[in-house]
Amino acid sequence: MKDDIDLTDNERAWLEFLRLIGNGSDPRVTLRRVQVLRRICEPRRA
Amino acid sequence: MTRKPHEDTRLAKYVERRVLELKPTKSQAEIANAAGYPNPNMITMIKNGSSKLALDRVPSMARALECDPAYLMNLALEQAVGDPAAQAIIEIFGTPVTANEMGWLEAIREASNRSDPRITSRSLAAVRAIFGR
């Protein structure tokens, strides 16, 4: 097994959701999608 | 008992689509040969669901179809539901992560500064919006 596939429980949850939302299409990461993702994942400021 | 038990599986449909996409550069016979099948008819049987793709053939078939082996393995494991060996593999190892999925996880890791963010209802809604769902 690849070393970079040591996923945390949270990451497994993200993976399951991405598979569900992608409906089996294995969607690519695109620049636009990463930009939106960045906004979602940015740690909230205090 | 139906003669095409795997007709409606995602793997059958994916192999059919991929063979078509490769048609300009690769014949079905060449794909069969690269996948290790002496008889090109085997590809037809996998496409129409008469036969499922054996798990040990996944690496060579992925090379022949020029696709992500992890993605193909997930589809093949899906076909193998009911096979105790396949179920044991999934139970212990989980299902393989594709290159695209690893890209997503790396993007999440980087965007969150490796803080291991939980998936929240806010993030669910935002990801749905990314995919227009």
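**Second largest pocket**

I sorted the lining of the second largest pocket by residue type: 6 are nonpolar, 7 polar and 6 charged. My classes: Ala, Val, Leu, Ile, Met, Phe, Trp, Tyr, Cys and Pro are nonpolar, Asp, Glu, Lys and Arg charged, and the others, Gly among them, polar. The model is predicted, so to speak of local features I need pLDDT of at least 70, and side-chain atom pairs count only at pLDDT 80 or more, while totals for chains, interfaces and linings use all residues. Residues count from 1 along each chain as written, chains are lettered from A, and side-chain values use heavy atoms, without hydrogens and water.

The lining has 19 residues, and A:R19, A:G24, B:R10, B:N74 and B:E101 lie nearest the centre. A pocket here is an open set of points on a 1 Å grid where a 1.4 Å probe fits, with protein on both sides within 12 Å along at least five of seven lines; lining residues have an atom within 4 Å of a point. α1(A) gives the largest share, 5 residues. Helices are DSSP runs (H or I, at least four residues), numbered from the N terminus.

**B:K26**

I found B:K26 in the loop between α1 (10-22) and α2 (28-35) of chain B. Is B:K26 buried or exposed? B:K26 is buried because its relative accessible area is 17%, and buried means under 20% (1.4 Å probe, protein chains only).

**Interface**

I listed 35 residues of chain A in contact with 34 of chain B. Contact means heavy atoms within 4.5 Å.

Conventions. Helix = DSSP H or I, 4+ residues; strand = E, 2+ residues; numbered from the N terminus. Buried < 20%, exposed > 50% of the residue type's maximum accessible area, 1.4 Å probe, protein only.
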